[in-house]
Amino acid sequence: MLAAYAVHVEHSRGRRFPEPQHPYRNDFQRDRDRVIHARAFRRLEAKTQVFTRRYSDHFRNRLTHTLEVSQVSRTIAGALALNVDLTEALALVHDIGHPPFGHAGEKALNAAMREHGLFFDHNLHALRTVEDFEQRYAAFRGLNLTFEVREGIIKHSHDYDEKEHPELAEYLLDQRPPLEAQLIDLTDEIAYNTADLDDGYEAHLLSLDQIREGVPPFERFYCEVEQLYPDAPDKLKFNETLKRILNRFVDDLITNTRTRLTQSGIQTLEDVRNHGDRLVAFSPAVEAERKQSKHFLYDSLYYSPSLAEEKDDAERVVGELFTFWMTHPTTLPHNYQEKAKQDSLPRVICDYIAGMTDNFIFEQYEKHCGRE
């Protein structure tokens, strides 16, 4: 049974292009399946999350991270009596607009666009991807996803101003997104805050002592695990500790969100949309732990000297390729040259680069720019 404040598929605002109902899948299930079968979704397997394959094939990439977000999101949505099908579709599509090389690639692409008075935003690019770039149907461009999924793509982690983005006016920018979309922003953090500790430890870029000192909840749970399993190898103690941190984040998000819904008198989806703040949230104590973990990862891992060279390489490759195609647009693939007749050249180049995998952008760099 869904809560009254959940999104009910029978009340969906529908698709941009009407389609007949499927005999045994509801509209949100169909959206989920369309995302999974999209080329942009498959390309996530070859896009960096934090570590490139230079370290190991065992570490998360953008696709495996997405699957972990989906798993956590489904669990929490079910516990809160939200629409699990919509939540799953949003989790699977939430990173589909990310460029190659993780956040380093996004930073470089945005910097290149700023030189032309434009910008890159991975949420907006994700919307463009599902609305225009994916071509699988004869009747329309894009995936023709429901309004609720398209709205969640742009609003799950950011509130856009209609004055700055009039092109997004249809997405109710003056209202909060449904709880299913609000959930994705925090399940994303739960997934990478725990997974990046795991991969950082496995890569020997984070030591056990560093993590115990820098992440207070880790130290607390590690002491508990040592008492239970004193003879276990350090890696298994680490795994048991990380499992407890993940459970703490998930349990708290469920419990605290329930409390906020009750205290705010939320009864309907319209109550959610018209509430002054986002309602999905951690308790103050766990929110402080989340921030501590995130700051530790930024200071000790994401911006560590060990990863600096790869980030520099990523920014250089993106920047130099962008500049090359701005000065040599006839070397772009024919379909992108055609797009440049209707859209600005910087935007077309940005779209092309953003869709690339790590491997393909290196191939293009070697072809057009060579390696230093």
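In the predicted model, R32 is buried, with a relative accessibility of 18%. The side chain of R32 meets that of E88 in a salt bridge, with an N to O separation of 3.4 Å. R32 belongs to helix 1 (residues 27-36) and E88 to helix 4 (residues 84-93), so this pair ties together parts that are 56 residues apart in sequence. E88 is likewise buried, at a relative accessible area of 13%.

Across the whole structure, the search for salt bridges returned 38. One of them joins R25 to D33, whose closest N and O atoms are 2.7 Å apart. Within this pair, R25 is partly exposed, with a relative accessible area of 25%, whereas D33 counts as buried at 17%. A salt bridge of 2.6 Å (N to O) is formed by the side chains of R290 and E287. These two residues are three positions apart in helix 13 (residues 284-302) and are thus separated by about one helical turn. R290 is buried, with a relative accessible area of 10%, while E287 is partly exposed at 22%. Salt bridges also link R15, E19, D27, R30, D31 and R34 in a network.

Y137 and F140 form a tilted pair, with 5.1 Å between the ring centres and 35° between the planes. Y137 is partly exposed, at a relative accessible area of 30%; F140, at 10%, is buried. The pair of F147 and Y171 is stacked, the centres being 5.6 Å apart and the planes at 25°. F147 lies in helix 7 (residues 147-155) and Y171 in the loop between helix 7 and helix 8 (179-202), so the contact ties together parts that are 24 residues apart in sequence. A single aromatic cluster is formed by Y201, F218, Y222 and F238.

Charged side chains were also found over aromatic faces. R13 lies over the face of F147, at 5.3 Å from the ring centre, and K339 over that of Y336, at 4.8 Å.

Zero disulfides were found in a search of the whole structure. For C350, the closest cysteine sulfur is that of C369, at 16 Å, which is too far for a bond. C350 is buried, with a relative accessible area of 0%, whereas C223 is partly exposed, at 33%.

How values were computed
Residues are numbered from 1 along each chain as its sequence is written. This is a predicted model: local features need pLDDT of at least 70, side-chain atom pairs count only at pLDDT 80 or more; totals for chains, interfaces and linings use all residues. Side-chain values use heavy atoms; hydrogens and water are left out. A disulfide is a pair of cysteine sulfur atoms within 2.5 Å. Buried means under 20% relative accessible area, exposed over 50%, partly exposed in between (1.4 Å probe, protein chains only). Rings of Phe, Tyr and Trp (its six-membered ring) pair if their centres lie within 6.5 Å; planes under 30 degrees apart count as stacked, over 60 as edge-to-face and the rest as tilted. Helices (H or I, at least four residues) and strands (E, at least two) are DSSP runs, numbered from the N terminus. A charge sits over a ring if NZ of Lys or CZ of Arg is within 6 Å of the ring centre and within 35 degrees of the ring normal. A salt bridge is a side-chain nitrogen of Lys or Arg within 4 Å of a carboxyl oxygen of Asp or Glu.
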